[in-house]
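Good morning, and thank you for coming. Please look at the chain on the screen while I describe what its coordinates contain.

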Amino acid sequence: MNDNSKEEIAKLKEAVNIEDVIGTYVELEYKLGGKCLGLCPFHDDTTPSMHVHTGKQIFKCFACNEGGDVIAFISKIKSCTFAEAVNLLRQEWCNGSTPPPQHVARREKARAQKPPATPAQLAAMEAENVKFMRSMYGHHPALARIHEVKLDDPSWMDGNKYHPDCDGITQAYVDFEVSQAKSTVPSAFKAMRGRIVFPIRDENNRLVAFAGRTTQTITDENRSYTPKYVNSPTSDLYNKSRTLYGLHLAGEPIRTETFAFLTEGYKDTLAMVAAGFKNTVAQCGAAFTDDHAELLKRYTKRVAVLMDADDRGREIAAAAIAVLHRHGMQTSELLLPPGEDPDSLFRRIGKHAFRTIVAESQLNGHLQALKESTGVDLANMCMEEEGNREVIRTNGEEMTDPLYDPEANGANGNNELSLMQSDRPRLMAREQELQHQMRKLGSKRFLFGQGPERMQINTELMKLRSQLSEVSKQLNRPVVWYK
């Protein structure tokens, strides 16, 4: 009889590789960071939901919530006891050999055998989503079954919606139906328990899926067990590679503004909408795809890409821009201060300053794109024409109008906020104009000796330098908007 003491169990788990064991039953895909992905065998998985961490010797399915060590996997896959799983591991994996693979290409087989869902089946899937959303708004799931589900009647959503810790964003969260799942939810949605839930609707306003964000702080220690987001599985109703978050509300604003903002995540889109940029959509946790581009192309051929201001954000932006260009669309990459994203920046500086920064970033993005494509430096050309005061319009608002609201932010707001909320597009244009005039006078002064003309030029230069100094004080923050 084998010894199943703690010491022996620990030795057994060290002797076997969880990747080899699970790979016998699941076709694994390899990723960086010592992780593998595969179709979970414990539920009807159509996209890889099971993560296998070879370094920590654990597995976790973020769709059905199954997880544990190698013994837990064998016990579950073989429907056997702990002791039987231990014996099986000793017999088949501890003698220097590995059993032959038992998995099949489940994904291809499922696609080949499963016919497309009928309209009635799609309606039933959406009805299940509605029931889950009811459970978050104070309706008990068991009671929801006896009530008729009316997809066009929003009155049942008048319960307790989730309110973020930022007053300026609250209404956007309400409009996008964000809530927090309770501890008791329908079994199909148990992975969402306790999470902040972002309902996902397709462009036709069908409730197709959910994204659940953890309320915990993610650390290296809990990252494997506590993913930042869990998402509804792929189905005939929902495919995240063909869905853009917020498009059901952004469609008309995109057509009106003739372009779309593309952000990295759900919270970023909500921050943009809260700031008045209603022509904003986001990727649903997937890379930007050809299907996404074709979807946007129905509304516009111009996209302003606004991703997180870090290395990963720049990579995501570059990949999205490449796809958009492949579909013949015009793009502009907008840059935020280092380390920021739309959500974090809005929360830190407020709506009005945030609008100014986005508008400035948008303007510089367009000018830089024009310069790269045509060689024409429109910004400097405009500065050479004295008195040229073209109004910049963004989402129907004149950006030359003062954006700082003393009543909303306090008459004596802090210095950083005041600087953020200054009319930066106008100030930067004025700064370039002054610098251009000073360069012209400097070149002109070189031609004169010590006569009265040189003295007059020096006087003019002093006036310009004084004006430039005053403008520079109002622009006293890192300028990071240029590519």
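I shall begin with the model as a whole, and then turn to its cores, its helices and some individual residues.

This is a predicted model, in which local features need pLDDT of at least 70 and side-chain atom pairs count only at pLDDT 80 or more, while totals for chains, interfaces and linings use all residues. Residues are numbered from 1 along each chain as its sequence is written, and side-chain values use heavy atoms, with hydrogens and water left out.

Let me start with confidence. The term pLDDT denotes the predictor's confidence in each residue, from 0 to 100. The average for this chain is 75, and 69% of the residues score at least 70. Over residues 381–422 the pLDDT stays under 50, and the model has 71 contacts for this stretch beyond four places in sequence; a contact means heavy atoms within 4.5 Å. Residues 476–483 also have a pLDDT below 50, with 27 contacts beyond near neighbours in sequence. Where pLDDT is low, the predicted coordinates should not be read in detail.

Next, the overall composition. The secondary structure comes to 19 helices and 16 strands; these are DSSP runs, helices being H or I with at least four residues and strands E with at least two, numbered from the N terminus. Of the 483 residues in the chain, 45% are buried. Here buried means under 20% relative accessible area, exposed means over 50%, and partly exposed lies in between, with a 1.4 Å probe and protein chains only. Among the contacts with a separation of 6 or more, 62% are between residues 24 or more positions apart.

I now come to the cores. A nonpolar core is a set of buried Ala, Val, Leu, Ile, Met, Phe, Trp, Tyr and Cys residues joined through side-chain atoms within 4.5 Å. Which residues have the most contacts inside the largest nonpolar core? They are Phe198, Ile200, Tyr245 and Phe354, in a core of 42 residues. Elements that each supply at least two residues of this core include helix H8 (167–175), strand E7 (196–201), helix H10 (266–274) and helix H13 (342–349). H10 gives the largest share, 6 residues. Isoleucine 200 has contacts beyond four places in sequence with residues including Leu207, Phe210, Tyr245 and Cys284. Apart from this core lies another, of 27 residues, among them Val26, Cys36, Val52 and Leu88.

Let us see how the helices pack. Two packed helices are described by the angle between their axes and the distance between the axes. Axes are lines fitted to C-alpha atoms, for helices over the stretch in contact, and angles run from 0 to 180 degrees between N-to-C directions. H10 and H13 pack at about 45°, with axes 7 Å apart. They are therefore oblique to each other, given that angles under 35 degrees count as roughly parallel, over 145 as roughly antiparallel, 65 to 115 as roughly perpendicular and the rest as oblique. Ala271 and Met272 of H10 and Phe346 of H13 are among the residues that make the contact. H8 and H13 pack at about 135°, with axes 9 Å apart, and are therefore oblique as well. Their contact is made by Gly168, Ile169 and Tyr173 of H8 with Asp343, Phe346 and Arg347 of H13.

Consider also helix H4, residues 82–93. This helix of 12 residues reaches 16 Å from its first C-alpha to its last, close to the 16 Å expected at 1.5 Å a residue; the expected span is 1.5 Å times one less than the number of residues. Its buried residues are Ala85, Val86, Leu88, Leu89, Arg90 and Trp93, and they pack against helix H1 (6–15), helix H2 (18–25) and helix H3 (70–77).

Finally, some loop residues. Most residues other than glycine have a negative phi. Glutamine 57, however, has a positive phi of about 55°. This residue is found in the loop between strand E3 (50–53) and strand E4 (58–61) and is partly exposed, at 22% relative accessibility. Aspartate 69, in the loop between strand E5 (67–68) and H3, is in contact with Gln57 as well as Lys13, Ile18 and Phe59, leaving aside neighbours within four places in sequence.

Is valine 185 buried or exposed? At 14% relative accessibility, valine 185 counts as buried. Its C-alpha atom is separated by 6.6 Å from that of serine 135, 50 residues apart along the chain.
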